[in-house]
Amino acid sequence: MCYHKSKSIMNKTMRMGSLNVRGIKQKTEESKLADDMRRYDIQIMAVQETHLLGTGVKEIATSDCKNKYELFYTGSEKDCHHGVGIVSDQCLKPQYKRIS
């Protein structure tokens with residue numbers, strides 16, 4: 001897992017990362033990702049190889065359900081060997097807008 005530290009406009013630190021997840025189809029894999037984000041205090045994570053079909057938004061939570069994140073993802077419509085996404089801490093109140 002890679003993570004980068006950067007400063008926001010409001011003088012607060014925001015941590016961002018990138019991770020090849022090698023598939024997050026099951027709830028246990030989703031909660032492991034959320035647990036890692038909480039452990040490393042990461043607010044935004046780019047994920048590759050999600051293996052999710054289509055495009056959408058999912059809520060994922062840590063294994064103890066104390067922290068929640070939004071997963072914005074897109075993948076192939078036919079096979080599940082690819083896919084990318086962005087995971088955002090819900091405290092950032094992300095808004096999802098489809099752009100075509």
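What follows is a conversation about how some descriptions of this predicted model are reached.

Colleague: Why is arginine 39 called exposed?

Modeller: Its relative accessible area is 55%, and exposed means over 50%, so arginine 39 falls in that class. Arginine 39 lies in helix 1, which covers residues 27-39.

Colleague: How do you know that the side chain of arginine 39 makes a polar contact with the side chain of aspartate 36?

Modeller: The two side chains come to 2.5 Å, and a polar contact requires a pair of N or O atoms within 3.5 Å, so the pair qualifies. Aspartate 36 itself is among the buried residues of helix 1.

Colleague: What makes the span of helix 1 close to the expected one?

Modeller: Helix 1 has 13 residues and reaches 18 Å from its first C-alpha to its last; the expected span, taken as 1.5 Å times one less than the number of residues, is 18 Å as well. After helix 1 comes aspartate 41, with a positive phi near 55 degrees.

Colleague: Against which strands do the buried residues of helix 1 pack?

Modeller: They pack against strand 2 (13-20), strand 3 (44-48), strand 4 (55-61), strand 5 (68-74) and strand 6 (84-89), and the buried residues include Leu33, Ala34 and Met37.

Colleague: Why is threonine 62 called buried, and where is it found?

Modeller: Threonine 62 has a relative accessible area of 2%, and buried means under 20%, so the term applies. Threonine 62 is found in the loop between strand 4 and strand 5, where its side chain reaches the backbone nitrogen of lysine 66 at 3.3 Å. Leaving aside residues up to four places away in sequence, threonine 62 touches Ser31, Ala34, Asp35, Arg38, Asn67 and Tyr69.

Colleague: Which residues have the most contacts inside the largest nonpolar core?

Modeller: That core has 15 residues, and those with the most contacts inside it are Leu33, Met45, Val47, Leu71 and Val87. Helix 1, strand 3 and strand 5 are the elements giving two or more residues to this core.

How values were computed. Residues are numbered from 1 along each chain as its sequence is written. This is a predicted model: local features need pLDDT of at least 70, side-chain atom pairs count only at pLDDT 80 or more; totals for chains, interfaces and linings use all residues. Side-chain values use heavy atoms; hydrogens and water are left out. Helices (H or I, at least four residues) and strands (E, at least two) are DSSP runs, numbered from the N terminus. Buried means under 20% relative accessible area, exposed over 50%, partly exposed in between (1.4 Å probe, protein chains only). A polar contact is a pair of N or O atoms within 3.5 Å; within protein, one must be able to donate a hydrogen and the other to accept it, and residues adjacent in sequence count only if both atoms are side-chain atoms. Contact means heavy atoms within 4.5 Å. A nonpolar core is a set of buried Ala, Val, Leu, Ile, Met, Phe, Trp, Tyr and Cys residues joined through side-chain atoms within 4.5 Å.
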